[in-house]
Amino acid sequence: MLTTHALVLAIMLFCIGLVGLLSRRNILYMLLSLEIMLNAASLAFIAGGARWGQADGEIMFLFILTLAAAEVSVALGIVLQLSYRFKTLDADAFSEMKG
Amino acid sequence: MEVLFYIAAVVTLVATVRVITHVHAVHALLYLVVALIALALIFYLLGAQFAAALEIIIYGGAIMVLFIFVVMLLGPLAVEQEKSWLTPGTWVGPSVLALVLLGEVGYLIAAGDHLPIDVMETRRKGISIVLYGPYIIGVELASMLLLPGLIGAYHLGRRVSKEPR
């Protein structure tokens, strides 16, 4: 019963992160929304692992953690470069590559 | 046991909604730290103690410190801005949510072994045995992911030289 409600919580967290990613234009907040969505995914994995009594859920959590660490370090470097070059963090301003 | 889960879930949802609706980046980061700690409590209640510890140490510690460093690097801090951050109004929301979580943890410690963790089945194998057994290819792939992440962060983190080369 607890794991079912944990899955519902994971869905709600993922939707909040998705809404934040789609509605905010500041690139730092878009990164934060990505973190929220990754957390929701790992909560779903942990709930599944707890439901079936297997260790696979926590192992997938470890992989998601690794992915998030690598992603955040590279993405924050990109944020720093963008703020140096464009003097803004607005995602709509980075439109030099329009075809 | 389940009441603790629902309280932590409500704290997580409130903090997460405040993250995406806040204007100041540092306030949003404060709320995100509270949400991560509440999520770690939920992991603990689901029987994943190792994941709960990692969530606090790596997410709440390392990744959030990275975010805060970048926010500090993005703009020089004006004195008025720092003064506005030190007013009580900005600290009340995260503090109340964190106090709720502290109460829950205190209750868990006081209850001791009397509360059964609501896991459906006891886990048969340890994490490390499975991680270095069937999932060894995943460990190798994670190392192949972390090394380009390190190089990419080093390359992107340098200051841009003024004159084009």
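Reader: At what angle do helix 2 (residues 27–52) of chain A and helix 3 (residues 56–86) of chain A pack, and how far apart are their axes?

Author: In this predicted model, the two helices pack at about 175°, and their axes are 9 Å apart. An angle over 145 degrees counts as roughly antiparallel, so helix 2 of chain A is roughly antiparallel to helix 3 of chain A.

Reader: How do the residues of that contact divide into nonpolar, polar and charged?

Author: The contact of helix 2 of chain A with helix 3 of chain A has 18 nonpolar residues, 3 polar and 3 charged.

Reader: Is T66(A) buried or exposed?

Author: Buried means under 20% relative accessible area. T66(A), which lies in helix 3 of chain A, has 18% relative accessibility and therefore counts as buried. Leaving aside residues up to four places away in sequence, T66(A) touches A142(B) and L146(B).

Reader: How many residues does the contact take from chain B and from chain A?

Author: Chain B gives 63 residues and chain A gives 55 residues. For the complex, the predictor reports an ipTM of 0.89 and a pTM of 0.86.

Reader: Which elements of chain B have the lowest and the highest mean pLDDT?

Author: Where pLDDT is low, the predicted coordinates should not be read in detail. In chain B, helix 4 (residues 79–85) has the lowest mean, 65, while helix 7 (residues 136–156) has the highest, 91. Chain B as a whole averages 82, and 81% of its residues score at least 70.

Reader: What can be said of T90(B) and V105(B) in terms of relative accessibility?

Author: Both residues are in helix 5 of chain B. T90(B) has a relative accessible area of 18% and so is buried.

Reader: How far are T90(B) and L30(B) apart along the chain, and what separates their C-alpha atoms?

Author: T90(B) and L30(B) are 60 residues apart along the chain, and their C-alpha atoms are separated by 9.6 Å. For V105(B) and S95(B), the separation is 10 residues in sequence and 15 Å in space, C-alpha to C-alpha.

Notes. Residues are numbered from 1 along each chain as its sequence is written. Chains are lettered from A and ligands numbered from 1 in the order in which they are written. This is a predicted model: local features need pLDDT of at least 70, side-chain atom pairs count only at pLDDT 80 or more; totals for chains, interfaces and linings use all residues. Side-chain values use heavy atoms; hydrogens and water are left out. pLDDT is the predictor's confidence in each residue, from 0 to 100. Helices (H or I, at least four residues) and strands (E, at least two) are DSSP runs, numbered from the N terminus. Axes are lines fitted to C-alpha atoms, for helices over the stretch in contact, and angles run from 0 to 180 degrees between N-to-C directions. Angles under 35 degrees count as roughly parallel, over 145 as roughly antiparallel, 65 to 115 as roughly perpendicular and the rest as oblique. Ala, Val, Leu, Ile, Met, Phe, Trp, Tyr, Cys and Pro count as nonpolar, Asp, Glu, Lys and Arg as charged, and the others, Gly among them, as polar. Buried means under 20% relative accessible area, exposed over 50%, partly exposed in between (1.4 Å probe, protein chains only). Contact means heavy atoms within 4.5 Å.
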